[in-house]
Amino acid sequence: QVQLVESGGASVQAGGSLRLSCVASGYTVGSYCMGWFRQVPGKEREGVAAIYAGDDTTYYADSVKGRFTISQDKVANTLYLEMHNLKPDDSAMYYCAAARRFLPTTWIFNNGGHGMDFWGKGTLVTVST
């Protein structure tokens, strides 16, 4: 049984930083692709960052490029999202997700993670002015 457990969400002021973690069990971090997504009430879920197996290629939503970094620790079987220069628009529930196959990046960033097989329950990030 696959479980993804996120942590690290908090309330911070604009300009601050956070690191989100996603500990996986039953799934090998570094397999196929994993990603971070976020959602606010009343809006569709959006892809934030993704990392693909092999050469660990990473992709980011335009809104977070240069501020967020996705990475993985295969020994700890954990996915991370480093977030810097946070803005109020970054406030959302952040979810970790994993796939059992390679997915097109359009599925991740244009379709809210369509095709991802496993999801965590989320960790809340609130950024205040």
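**Exercise 1.** Which residue in E11 is the bridge partner of alanine 92?

*Solution.* The model is predicted, with local features requiring pLDDT of at least 70 and side-chain atom pairs pLDDT 80 or more, while totals for chains, interfaces and linings use all residues. Residues are numbered from 1 along each chain as its sequence is written, and side-chain values use heavy atoms, leaving out hydrogens and water.

Step 1. Strands (E, at least two residues) and helices (H or I, at least four) are DSSP runs numbered from the N terminus. Two strands pair if DSSP finds at least two bridges between them.

Step 2. E9 (residues 92-98) and E11 pair in the antiparallel sense over 3 bridges. The bridge partner of alanine 92 in E11 is valine 125.

Step 3. E2 (residues 11-13) pairs with E11 in the parallel sense, over 3 bridges. Here glutamine 13 has serine 128 of E11 as its bridge partner.

**Exercise 2.** State which side chains of strand E11 (residues 123-128) are buried.

*Solution.* Step 1. Buried means under 20% relative accessible area, exposed over 50%, and partly exposed in between (1.4 Å probe, protein chains only).

Step 1. In a regular strand the side chains alternate between the two faces of the sheet.

Step 2. In E11, Thr123, Val125 and Val127 point to one face and are buried.

**Exercise 3.** Describe the salt bridge of arginine 38 with aspartate 90.

*Solution.* Step 1. A salt bridge is a side-chain nitrogen of Lys or Arg within 4 Å of a carboxyl oxygen of Asp or Glu. The structure holds 7 salt bridges.

Step 1. In the bridge between arginine 38 and aspartate 90, the closest N and O atoms are 2.9 Å apart. Arginine 38 is in strand E4 (residues 33-39) and aspartate 90 in the loop between E8 (78-83) and E9, 52 residues apart.

Step 2. Arginine 38 and aspartate 90 are both buried.

**Exercise 4.** Where do aspartate 117 and arginine 100 lie?

*Solution.* Step 1. The side chains of aspartate 117 and arginine 100 meet in a salt bridge (3.5 Å, N to O).

Step 1. Aspartate 117 lies in the loop between helix H1 (105-109) and strand E10 (118-119), and arginine 100 in the loop between E9 and H1, so the pair ties together parts that are 17 residues apart in sequence.

Step 2. Aspartate 117 counts as partly exposed because its relative accessibility is 25%. Arginine 100, with a relative accessible area of 53%, is exposed.

**Exercise 5.** Describe the aromatic pair of tyrosine 32 and phenylalanine 102.

*Solution.* Step 1. Rings of Phe, Tyr and Trp (its six-membered ring) pair if their centres lie within 6.5 Å; planes under 30 degrees apart count as stacked, over 60 as edge-to-face and the rest as tilted. The structure holds 5 aromatic pairs.

Step 1. Tyrosine 32 and phenylalanine 102 are 5.4 Å apart centre to centre, with 75° between the planes, and the pair is edge-to-face. Tyrosine 32 is in the loop between E3 and E4, and phenylalanine 102 in the loop between E9 and H1, 70 residues apart.

Step 2. Tyrosine 32 is partly exposed at 36% relative accessibility, and phenylalanine 102 is partly exposed at 48%.

Step 3. Ring pairs link Tyr32, Tyr52, Tyr59 and Phe102 into a cluster.
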